[in-house]
Amino acid sequence: MGAGHAHPLHLDRVSPVHRLAPEVKIAAVVLFTIIVVVTPRTEFWAFGGYAVLLVVVAAMARVPAPWLAKRATIELPFVLLAVALPFAGHGERVDWLGMSLSVDGLHGAWNIFAKGTLGVVASLLLAATTTMRDLILGLDRLRCPTVFTQIATFMLRYLDVLADDARRMRIARLARGYDPRFLWQVKAFAVSVGALFLRAYERGERVYLAMVSRGYAGRLPQSSSGRAPAGQWMAAAVLPVATASIALAAALGS
Amino acid sequence: METTAMHIANGIVDGPVSAAFAVLAVAALAFCVRKARNDLDERLAPMAGLVAAFIFAVQMLNFQVLPGVSGHLLGGTLAVILVGPWVGALCVSTVLIVQCLLFADGGLTALGLNITNMALLGTAAGYLLVAGLLRILPKTASGLAATAFVASVISVVVASQGFVLEYALGGTTELSLPWVSGTMAGVHVLIGIGEGLIAATTVATVAKVRPDLVYALRRFRRPAFAKVGVNA
């Protein structure tokens, strides 16, 4: 059973970033994003500096740029909102290429675009270098309540169970010569959703009881010894520290 | 599967308001964690995971209605009926945290806002409606399905208005509030109907086959082993 160990955004590479402990990476990404969001939107070159930092991390993690660019399109609906703002905004206006644009709207659009993109790319880098199992382990080591990590563990397991069972049921339906695809056949779809839920639950219940009978008490056993070494924390701290210095330099410079 | 789900991104709502809602979300979730400890037994733990996975899957269904305004199913009411309000809120939050960290969906600093809207407001509205409606409707599979449908529609609209409140307090851009509010409500009534149909069919099936798994019916169930005791 090779399923369930990776997720669609994980890039299986060997790199210094991949080797870092998950809790260290989570902390670095959270701090980076917070600094980016509190940076005033008019500090244009600070955002350039942040982007350079992310490029360096991506290069170290051996994540190719096209891979990142393709997955960053998740942000697109908000970029479209940003494009509409200079036209819809109020207040002072400037003329550009014959169009009357609102200054506040332009700043707002830039704000959403810059902060949104930096945040999405940072999260993508975390996802690309960390497996699901490691991520939950990292949250657990960061003292995230066990209820959360427990629900998350089961959720990630069940996603595969759901997908597999849905595929099996579809094949079974096709094998019986029925392929509902029109609106008046929606009842067949609805019934399969309910049946899928129950099948997945009963399968998962058996697995859970088997786990409990083997001594599971809300936490998966940890293979490696507890905490990340101080060196890893230092290495990961370079990102937020560099980000903070850029923000500070920008604040002092203006 | 192409993932196009989208929650509030970084930079839409300003820092102080995001931070305030993050504090609110953490406090409320800490309360839920305390309450959930009593609920999470060997029947509910795998159910909570499955409900979370189900919500994860349905949140990928995304409706692009206008440029920049998209919505998706929330799943809060389904969670409330099957696992109760406390574990339900935790399920939806877990989905949001994992989506944020693993799928870059929704900004990290907007996590407090997203959790407040979808995990707290959505499930709270859903729970109140379910608890109220089940008092007057029959406690059967069809009664439960009707409850699930109505509660889904209303809770989704309530959750969408949470964003309007946050935007009014700390929006980084100038858009007229009635427009934002009206668009969000209009889009989410349609989404709520879709969500209501999915929740109703799922809940009705579970209630028919395994009524013991439906949290919302627990209060109304007669203790089964009392009768066995008399016979023995």
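Predicted model: local features only at pLDDT ≥ 70, side-chain atom pairs only at ≥ 80, totals over all residues.
Mentor: Local features here need pLDDT of at least 70, side-chain atom pairs count only at pLDDT 80 or more, and totals for chains, interfaces and linings use all residues. Residues are numbered from 1 along each chain as its sequence is written, and chains are lettered from A in the order in which they are written.

Trainee: How many helices and strands does chain B have, and what makes a run count as one?

Mentor: Chain B has eight helices and two strands. They are DSSP runs, numbered from the N terminus: helices are H or I with at least four residues, strands are E with at least two. From the N terminus on, the order is α-α-β-β-α-α-α-α-α-α. Chain A has 10 helices and two strands. Its order is α-α-α-α-α-β-β-α-α-α-α-α.

Trainee: Why is B:Ala185 called partly exposed?

Mentor: Count the C-beta atoms, which are placed from the backbone. Buried takes 20 or more others within 10 Å, exposed takes 12 or fewer, and partly exposed lies in between. B:Ala185 has 16 such neighbours, so it is partly exposed. This residue sits in helix α7 (residues 177-209) of chain B.

Trainee: Why does B:Ala141 get its label, partly exposed?

Mentor: B:Ala141 has 19 other C-beta atoms within 10 Å, so it is partly exposed as well. Its place is in helix α6 (residues 141-170) of chain B.

Trainee: What share of each chain is buried?

Mentor: In chain B, 56% of the 232 residues are buried. In chain A, the share is 36% of 254 residues.

Trainee: How do you know which residues B:Ala185 touches?

Mentor: Two residues are in contact if their C-beta atoms, placed from the backbone, lie within 7 Å. Leaving out residues up to four places away in sequence, B:Ala185 touches B:Val157, B:Ser160 and B:Gln161. B:Gln161 is 24 residues away in sequence, with 7.0 Å between the C-alpha atoms. With that same exclusion, B:Ala141 touches B:Ala204, B:Ala207 and B:Lys208.

Trainee: Why are α3(B) and α7(B) called roughly parallel?

Mentor: Two packed helices are described by the angle between their axes and the distance between the axes. Axes are lines fitted to C-alpha atoms, for helices over the stretch in contact, and angles run from 0 to 180 degrees between N-to-C directions. Helix α3 (residues 76-83) of chain B packs against α7(B) at about 15 degrees, with the axes 10 Å apart. Angles under 35 degrees count as roughly parallel, so α3(B) is roughly parallel to α7(B).

Trainee: Which residues make that contact?

Mentor: From α3(B) come B:Thr77, B:Leu78, B:Ile81 and B:Leu82, and from α7(B) come B:Ala199, B:Thr202, B:Val203 and B:Val206. By class, six are nonpolar, two polar and none charged. Nonpolar means Ala, Val, Leu, Ile, Met, Phe, Trp, Tyr, Cys or Pro; charged means Asp, Glu, Lys or Arg; the others, Gly among them, are polar.

Trainee: What makes a set of residues a nonpolar core?

Mentor: The members are buried Ala, Val, Leu, Ile, Met, Phe, Trp, Tyr and Cys residues, joined through C-beta atoms within 7 Å. The largest such core has 134 residues, and B:Val203 is among those with the most contacts inside it. Helix α6 (residues 103-129) of chain A gives the largest share of this core, 13 residues. Beyond four places in sequence, B:Val203 touches B:Leu78, B:Ile81, B:Leu144, B:Ala145, B:Ala148 and B:Val214.

Technical notes: Parallel < 35°, antiparallel > 145°, perpendicular 65-115°, else oblique.
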